[in-house]
Amino acid sequence: MVTHPEAMTGIRWDGRQYPYIPQEPLCVDPGLKLHTETAESIDPITYEVIRHAMWNINVEHGHTIMKVSGSPICAYGHDFNPCLLDERGNFIFFGPFLQYLSSATSSAVKWTLEYRSGNPGIEDGDMFLTNDPWIGATHQLDVTLIAPVFWQGELFCWVGNTLHQWDLGGTSPGGFNPVAQDVYWEAGCIPPIKIVERGRLRKDIEEEYTRRSRMPELVALDLRAEIAGCYVARERIKQLIDRYGAAIVKGVMRKLQDDSERAFVRRLHTIPDGTWREVGWIELAHPEDRRIYRNCLTLTKRGDRLIFSNQGTDSQAGTLNSTMIAWKGAIASMVSAQMLFDQMFVVEGAYRHMEFVAEPGTITCATFPAAVSAAPALTLLQTIALAGLVISKMLACSSDEQLRTEVQSCMGAPMYPIAAISGINQRGAPYTSFLLDPVGAALAGLAWRDGVDTGGWPWDLQSTMPNVEDNEWFYPILYLWRRELPDSGGAGKFRGGNAAELAFIPHGTDQITLFTATGHCAVPGPGLFGGYPTSTTRYTLVRGACVSQRARTSGQLPIGLQHLEGRVEYLPPKAFGVIQHPDDVFIMSWASAGGYGDPIERDPERVAVDVRQGNVTQQWARRAYGVVLTEEGEVDWTKTKHLRDRMRRQRVDKPNSPARVDGTNKQMVAEGLELMGEYFYCRRCGHRISPLSENYKLHCRQKKFPIQEANRYILDPRTYLDDEVEFRHFYCPRCGLLIQTEIARPADDPLWDIQLVEGDK
Amino acid sequence: MDFICAVDIGGTFTDCIVRDSAGHITLAKSPSTPDDFSEGFFNALAQAATQMGLTLDELLSRTRLLLHGTTVGINALLELKGAKTGLITTRGHGDALLIMRSVGRSAGLPIERLLHVSRHRKPSPLIPRSLIKEVSERIDWRGEIFLPLNRQEARQAIEELLAENVEAIAISFLWGFVNPVHEIAVREMVSQMAPDVYVTCAHELIAKPGEYERTAATAINCFIGPQMSGYIQRVQQRTRTLGYKRPFLIMQASGGVATADEIIHKPLFTIGSGPAGGLIGAHYLAGVLGHTNVIATDVGGTSFDVGIISQGRPLMASETTVNQYTFFMPRLDIESIGSGGGSIIWIDPLSQTMKVGPESAGADPGPACYGRGNLRPTITDADVVLGYYNPNNFLGGALRLDREAALQAMRTVADPLRMGVVEAAAGATQIAEFQMAELLRQMTVQRGLDPREFVVYAYGGAGGAHAAAYARELGCQTVVIPLGSIASTWSAFGIQSADILHVYETSELLIAPFDVERLNRIFCQLESRAREQLREDQIPDDRIELQRFVEMKFRLQIHRIEIPVPGGTLTDRDMEALEATFVQTYEALYGQGSAFTEAGMEIGVVRVMARGKMDIPPINPPERLAREAFVGRREVYWREYNGHRSTAIYDGTRLQPHTIIEGPAIVEMPVTTIVVRPYTVGRMDAYGNFVIEL
């Protein structure tokens, strides 16, 4: 794993002002002996038995944390992950919970080896704690605990975990502060400290740590959970070594890494060299701001290496930032999901072939002391979405048909809509929390099937929404509705999953204080290969709706904004201290998942089924998909053909019907593009679109639309922004196939997102 | 002389077991009849009657108790062949069942499938959106009516569903379990408008917060209701005609039986009752043998099930996931992995290592040695190759095994790995046994139990061959392979030993210090309902056993644990004891120092388990033939010796009680083959159990 831009020499990548970037070989104090003896050959039975045991040690490590912690964050939010690493901090197993935490633990171990092995030293029975986002955490609330495992005086391997904490101090309870100007407004950063020394928890260090929190007992309990997890894992690893010998166990660890690497490289070999790009937009650096910021992710594949770069990303601003640790973890989580699903997520195999080139001082590689506590909700999550898209663009070029089934559009809830509520609850006690409903997210449209409505995220495999009754039990609110939003999923040949909307009124309290932190309120996440973008996130406050009185008069409950009277206010994606009175309705919907491929290429039967099931409305079926249904809900084939022809005529003047000849040795590079020799061709009609050496988009027929055209849930961006954005279509100039869509500011050049030639042009 | 009959329907066979008042047992097996399971039911009974020299009506008219385990309900759910069902729910919340709390896309998936996110999807809806009707009404968390039921909307919803010809209607409102008036009102409207439609109200099934799991339970109950009630009524009708007059009792997943009349309304509770019979059989036997801590394992052809009896009580769980639907239901805590005799042994092409399962050759075509067309090696084939199984005397000679085919299949894995065929077979069994041991570990260590304090029971066809290995891995001292030939109908035996069990619970929030008067009132109400029901079930008062529990937790924490509560009128001192017991139990489960006492304690659920204890005659020790049990020797591979040994073979049916058999040895039983590993000692006990000391 190489991670430094060569140009920036003279910078100290030591985790203080700049993020820590390990330079191999690590600089470890010579007094610390690392165990490296590895058995050359291991019989396949022993291998399988030890592999299975190590996986289960990591599972038990996770269960132990959940057990001791008892925290809902851990059990329901899965906001933690246990792992097993080798003596140098490279991953063996990483648990099946939040994937973006992966770079943090490894980075924390490597930093500790480099900067703590001499003073205070790393010894048997020690454990180190850190929450420093420049060293080994995604943000300050994610606390990493790592423990060396010693065998006969040598450091054999590491176990570690990360667990999100309720509160670690700072100006805002719970740690997210939408008005933070720098890291000093937030919970403090703790570089790795030896909190357990030779098996004993140091009381002085523990209190230094818990003292900062508004909930010190809970933090102390979670610390014990993290310690207990590491303890169990460490003891079981020692039992394994005792039984099979250190060299054999180490051999299995190496083989796991090597096998995963082999699988990964084998996949890379099916893909041509090239560069793929994606851009995401994030609004408002603070509540008074009305600008958008650019998050750019470039993936270059060269031979068996993947190089990720944030080139073109805007400078760090307000609360939008994440550190490089978070950025790397975000990327790695989609590499695992899309390329290591059959390798038990052994991410080390991929890390050996990944380089991260990040320009410091940007929103994805912030330098100290930028505010970074909101990273997981904002830039980190958006980077996961972008990573999924650039990886998908790359995989679409693979000659491996199976691998191409992993190609997917933009995930749902590509930034987390934080809606924090606080006040006095229905039992008279103070409370503060944020709503977990948006973990319902939505899965993206794939190259072969639709996304899953409210189907969660691809990097958290078991995201679980709270029940409405859970939230009404805990907080003084009464939900009016919580339902999926028809038409919200990005349109496409395969559509994105629909998102959902909820609405509540205060119940049993005088008022609720709200704050928000998110993005994608004005600008949605992108679609893929002609698929439409996601919907947008929206916070709405309807003042003076007086639902309880009106419902009692009419006998009917409202189930949508259209049923409410009152004054409508759209809250910005960073809002602080907004008061909701008992007569006001708070409505929140989150961004759906993006679509894949040209919507008017969608099988009309699928549209009919969607309409029957209430996932798509008749109107949207016509407008987005060009599908007309009969009164019985069946496809009207004649009218559909007619409508789709007309839509194509609006795209290009005289669309030619497809005359594509199959059987040539053309290679797919996107849903609508294929490659032969030095040219890109349209996959629908065979038209030669552009030379390989140029941006194909410049040779497409281009049309611009207001962004509201992309999805019927998108508001006029001027609601939130002074900056302008537009929704661009790129068509095959001959048949009118929608090859790619893009969202950009008017002055931006079309993004060269699929570039299969050497060098940047 | 009267009889207790139990009939258990499995995938392949319908088993029947009859116990007379002297404790004599008759067993019968008949093929299951999926087109109409009741046929197999009566065939099995008739066969038992014939063996006893009786006619079917003679048997039934002298039967004191007729108990039954059925898979009709779960089959309908798994095959999605249930009734056309409509749902009436709170306006604005009809999507809860479709959203599935989002986790429905991956709930219950084994790890290999969990990690493959591009394959995640929600199951097809039990009730499509077009049959989900929303009605204006609203009750809040306190049970207070925020908006009264809009009867006009309710009427219209029912009419629309009836126009769609639904066969069943599920009614589930937000907080309907706290205040059921609206659910009841809608049910009455349905009964008036369409008396033949099957109706379930959520609050009648489940009294817990969580609208998704409660609504899913209600939807499933309706989905399987018409089919199940039809089946049960048909069987009950015919048993009555044949002379059986007493209540017809059906097995539930909770491990107790309930009357047919009740199951007709609550068929949901039979889902997952399949493995429950086995665990209840183990529970019964544990009582006889005086074992308080038992790990009950069932090694079948495709799956390995584990349940736990701790301090004399089977562990329970309150939630279950079937077909990615998660719903509330009291059930025995039984976990299962895809590992068994039929598990396929294969090579991972990338790492060139050996893997076992989770794919299984099942019963058909079955292992390669069955000679029915499967050419890939399975654990059973490995057992044959190692010499554990006698090809000519497998399952009492019921099936002749093809050793050559087993070797052939095993070679397809051994050759590419450059291993000997025996070495590969030994390795494969070892991998499978480690997987099984890991599940045992999860079921004990992760529940705060020390496996070394447990006895392992092993039933199911492949249990005898592998139990000693996985038990030893956990440090257990004793393995029991139960009851000789009775083990062939183990699940039916378990059903026969079950009590009537009703679970009454209510969600109540009590915050410590607890209001003892309120708790007394709640228990009193639940217990009077329980007594009433058990009397209706024809249980005499002296056989009614009521156990009280509360589910407690620390505030801000998620772990709820069940704490027993003493009977009678509770006092403040009992409340203090309750808090102390909770902290103590919590720390035993979750570790020293894990009790977050600063947060305060609360009670969330109050529960009464109401048992009607059955009067069951004790089992008789089997009659033993006074013949030589030693039948010869054969070459068997032992990994303890790293090679073959000429090994003594015994006919288990001829073993006299208390005969000691030192390992290595093989004991062939009609149902299973017992592998007595080197350095272990086996013996037959007085009841016909085979006990191995590790």
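Setting aside neighbours within four places in sequence, B:Ser339 is in contact with B:Phe304, B:Val356, B:Gly357, B:Pro358, B:Ala432, B:Gln435 and B:Met436. The model is predicted. B:Ser339 sits in the loop that runs between strand 18 (334–337) and strand 19 (343–348) of chain B.

**Surroundings of B:Ser339**

- B:Ser339 counts as buried because it has 27 C-beta neighbours inside 10 Å, and the cut-off for a buried residue is 20 or more.
- B:His203 is 136 residues away from B:Ser339 along the chain, and the C-alpha atoms of the two are separated by 38 Å.

**Nonpolar core**

- The largest nonpolar core holds 472 residues.
- Within this core, the residues that touch the most other members are B:Leu45, B:Ile169 and B:Ile220.
- B:Ile169, leaving aside neighbours within four places in sequence, is in contact with B:Gly86, B:Ile88, B:Leu161, B:Val190, B:Val197, B:Val199 and B:Cys222.

**Contact between chains A and B**

- The contact involves 60 residues of chain B and 68 residues of chain A.
- On the side of chain B that touches chain A, at least two residues each come from helix 4 (96–99), helix 5 (111–114), strand 8 (145–147), helix 9 (211–241), strand 20 (353–360) and helix 14 (421–444) of chain B.
- Helix 14 of chain B gives the most to this side, with 6 residues.
- Sorted by class, the side of chain B that touches chain A has 25 nonpolar, 22 polar and 13 charged residues.

Notes. Residues are numbered from 1 along each chain as its sequence is written. Chains are lettered from A and ligands numbered from 1 in the order in which they are written. This is a predicted model: local features need pLDDT of at least 70, side-chain atom pairs count only at pLDDT 80 or more; totals for chains, interfaces and linings use all residues. Two residues are in contact if their C-beta atoms, placed from the backbone, lie within 7 Å. Helices (H or I, at least four residues) and strands (E, at least two) are DSSP runs, numbered from the N terminus. Ala, Val, Leu, Ile, Met, Phe, Trp, Tyr, Cys and Pro count as nonpolar, Asp, Glu, Lys and Arg as charged, and the others, Gly among them, as polar. A nonpolar core is a set of buried Ala, Val, Leu, Ile, Met, Phe, Trp, Tyr and Cys residues joined through C-beta atoms within 7 Å. A residue is buried if 20 or more other C-beta atoms lie within 10 Å of its own, exposed if 12 or fewer, and partly exposed in between; C-beta atoms are placed from the backbone.
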